[in-house]
Amino acid sequence: MSVEAIQDDTGGSLRAEMARARRRRTTQFVVRLLRHPSFAIGAAILLVFVVVAVFAPLIAPYDPNKNSYRFVLYPPSAEFLFGTDSFGRDILSRVIYGARVSLYIAVAVVVLTGIFGVILGTLASYVRWLDAFVMRGLDGLMAFPGVLLAIALAAALGPSATTAIVALSVTFTPRTARVVRAGVLVVQGMQYVEAAHAVGASHLRIIFRYILANALSPLIVQLTYVFAVSIIAEAILSFLGVGPPPPAPSLGNIIAEGRNTIQEAWWIAVFPGLVIAVVVLGLNLMGDGLRDIIDPRQRNER
Amino acid sequence: MFVARRLLSAIPVLAVVSVITFLLMWLIPGDISAELGGTEATPEILERIREQFGLNKPILERAAQWYGALFQGDLGHSYLLNRSVADAVFERLPVTLSLAALGLVLASVFGVLLGILAAVRHNSWVDQSSMVGALIGLSIPDFWFGLVLIIVFGVLLGWLPTGGYVPITEDFLGWVRSMTLPALTLAFTQMGVIARMTRSSMLDVLDQDFIRTARAKGMSAYTVVFKHALRNALVPIVTVMGLTAGVLLSGAVVIESVFSLPGVGRLIVGSIQRRDFPIIQGGLLVTACVFVFVNLVVDILYGWLDPRVRNER
């Protein structure tokens with residue numbers, strides 16, 4: 001009875017006070033992030049990339065798919081900043097539209113990897129008898145080096161953007177699940193979780209309100225790296241012909257097309273790769289900054 | 001004991017790997033025999049193709065057959081090459097392995113040296129610029145970097161071939177020339193990872209009391225850094241090298257396609273276009289096994305470098 005009474009008496013103002021404190025902490029966190037040089041530079045690069053991708057139709061100077069045989073293989077100039085390809089298409093416009101495809105795939109992979117990583121990682125650490133089972137499965141998936149499994153999966157399913165998303169999510173989920181599991185294992189042993197059990201909180205409430213809420217920061221850092229790797233991996237899949245197929249441009253398939261004309265036209269392959277490198281650098285900088293601020297002990301580890 | 005336990009732990013991993021590889025076949029949408037037969041195939045021809053590759057059998061029977069063959073080292077038969085998958089894959093494995101190994105050696109040597117230099121000159125311009133360089137290396141897609149090297153050294157300068165392969169048995173110098181750019185490509189992107197880990201691990205060790213003692217005893221900087229510090233900083237570095245080996249293995253698979261080297265990767269990629277799935281499966285399985293083996297070696301090296309690891313459960 002007394003607990004209820006206290007909550008009734010002071011609950012309103014106390015709750016408002018706690019909410020204010022939480023908002024203040026969030027603001028402080030954001031300010032600290034933006035003051036961190038790596039994070040700020042990385043975030044700025046990503047912002048430019050996202051804006052360009054989203055507003056591609058407004059920004060691209062030409063139609064990315066329009067062939068024009070008058071302008072075949074023009075080197076970079078004021079008219080065509082990144083040059084043109086063997087169909088006379090403007091590379092800059094193709095890169096801008098390609099950024100869209102790459103961004104779409106990478107974001108989808110990050111979301112799916114995050115969801116499945118959390119589900120598998122939490123299940124493995126929260127449900128004891130599932131742990132060994134899930135972890136051996138994940139070990140098996142991680143035994144395929146790099147993006148090789150994604151290449152094979154995409155080959156079996158047939159080339160498309162959806163295929164690339166599925167294949168890359170399957171490839172990157174295991175490591176993410178491990179990160180989540182490690183975080184949950186630590187938090188799970190904390191006394192306040194035990195206290196929550198003792199007052200009879202439901203499992204779902206404990207998982208979401210008590211455990212995940214406090215175990216998510218390594219996941220966020222991990223997902224920044226998944227974002228970065230997804231952009232490179234999409235390019236690899238497209239380059240090998242199992243990503244989103246031409247003529248619709250993706251950063252990877254422009255490079256693949258550029259490879260065929262590498263002797264006479266270096267610009268086709270060079271510019272889209274340069275864009276990838278800059279964006280991935282931005283994401284890595286963001287990830288490093290986030291990690292420095294969230295968990296300074298982990299600095300320099302990957 | 002330690003080694004035996006590590007060996008045993010590889011078995012469930014290999015089991016899962018084989019299941020995933022087998023199930024890959026089951027993911028293929030549509031009727032593969034129609035693709036193999038081409039547009040002019042009669043129903044009889046299609047039926048013969050299905051019969052020949054067991055495509056008309058239920059999945060469990062195919063699994064039994066596949067595993068039965070696998071335990072005898074038979075990876076099945078190619079749809080199109082008219083030869084066994086094992087022959088085709090193992091014939092090309094040395095190219096992939098030598099490329100990955102060359103890449104690992106280059107990445108390790110330069111990565112460790114760069115990392116040590118950065119740690120010893122902590123917070124100097126050497127440290128900062130080498131770490132920025134490492135981050136840039138990490139962010140560059142390796143296959144694209146390979147293309148850039150081809151453009152610069154192959155097309156513009158003409159110093160090295162733009163692609164193709166010369167077997168080491170035929171012409172050693174030709175082999176070196178054909179492997180230089182691919183190996184540099186692989187090494188460049190992974191060097192950063194190793195350099196970063198070497199630096200942080202060395203910084204941890206250089207901070208410890210026994211290093212100060214060694215310095216106080218008047219040992220030369222060289223002995224302190226290479227004999228005392230490096231040996232103790234090695235465990236995390238070796239871990240990263242193990243991870244790197246896997247990345248290099250899959251990197252080699254992609255880089256082969258860039259430089260037209262006849263390795264397992266190019267075999268797999270070529271088979272994707274031809275829809276020759278037994279080859280894709282076989283190549284995937286063999287590469288994964290090599291990776292599991294590399295990780296096993298790294299684990300065992302661990303125990304050798306740091307005896308404390310041996311007693312952990």
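Author: Helices (H or I, at least four residues) and strands (E, at least two) are DSSP runs numbered from the N terminus, and the expected span of a helix is 1.5 Å times one less than its number of residues. Residues are numbered from 1 along each chain as its sequence is written, with chains lettered from A and ligands numbered from 1 in the order in which they are written.

Reader: Where does H7(A) bend?

Author: The bend is at Thr173(A) and comes to about 35°, taken as the angle between axes fitted to the seven residues ending there and the seven starting there. Pro174(A), a proline, follows within four residues.

Reader: Why are H2(A) and H4(A) called roughly perpendicular?

Author: Helix H2 (residues 37-54) and helix H4 (residues 91-126) of chain A pack at about 105°, their axes 8 Å apart. Axes are lines fitted to C-alpha atoms, for helices over the stretch in contact, and angles run from 0 to 180 degrees between N-to-C directions. Under 35 degrees counts as roughly parallel, over 145 as roughly antiparallel, 65 to 115 as roughly perpendicular and the rest as oblique. The pair H2(A) and H4(A) is therefore roughly perpendicular.

Reader: Which residues of H2(A) and H4(A) meet?

Author: Phe49(A), Val50(A), Val52(A) and Ala53(A) of H2(A) meet Ile96(A), Ala99(A), Arg100(A) and Leu103(A) of H4(A); contact is C-beta atoms, placed from the backbone, within 7 Å. Seven of these residues are nonpolar, none polar and one charged. Ala, Val, Leu, Ile, Met, Phe, Trp, Tyr, Cys and Pro count as nonpolar, Asp, Glu, Lys and Arg as charged, and the others, Gly among them, as polar.

Reader: How many residues of chain B are in contact with chain A?

Author: Here 43 residues of chain B are in contact with 39 of chain A. On the chain B side, H10(B) gives the largest share, eight residues. That side divides into 33 nonpolar, eight polar and two charged residues.

Reader: Where is confidence in chain A lowest, and where is it highest?

Author: By pLDDT, the predictor's confidence in each residue from 0 to 100, helix H1 (residues 2-35) of chain A is lowest, at a mean of 73, and H4(A) highest, at 90. Where pLDDT is low, the predicted coordinates should not be read in detail.

Terms used
Predicted model: local features only at pLDDT ≥ 70, side-chain atom pairs only at ≥ 80, totals over all residues. Contact = placed C-beta atoms within 7 Å.
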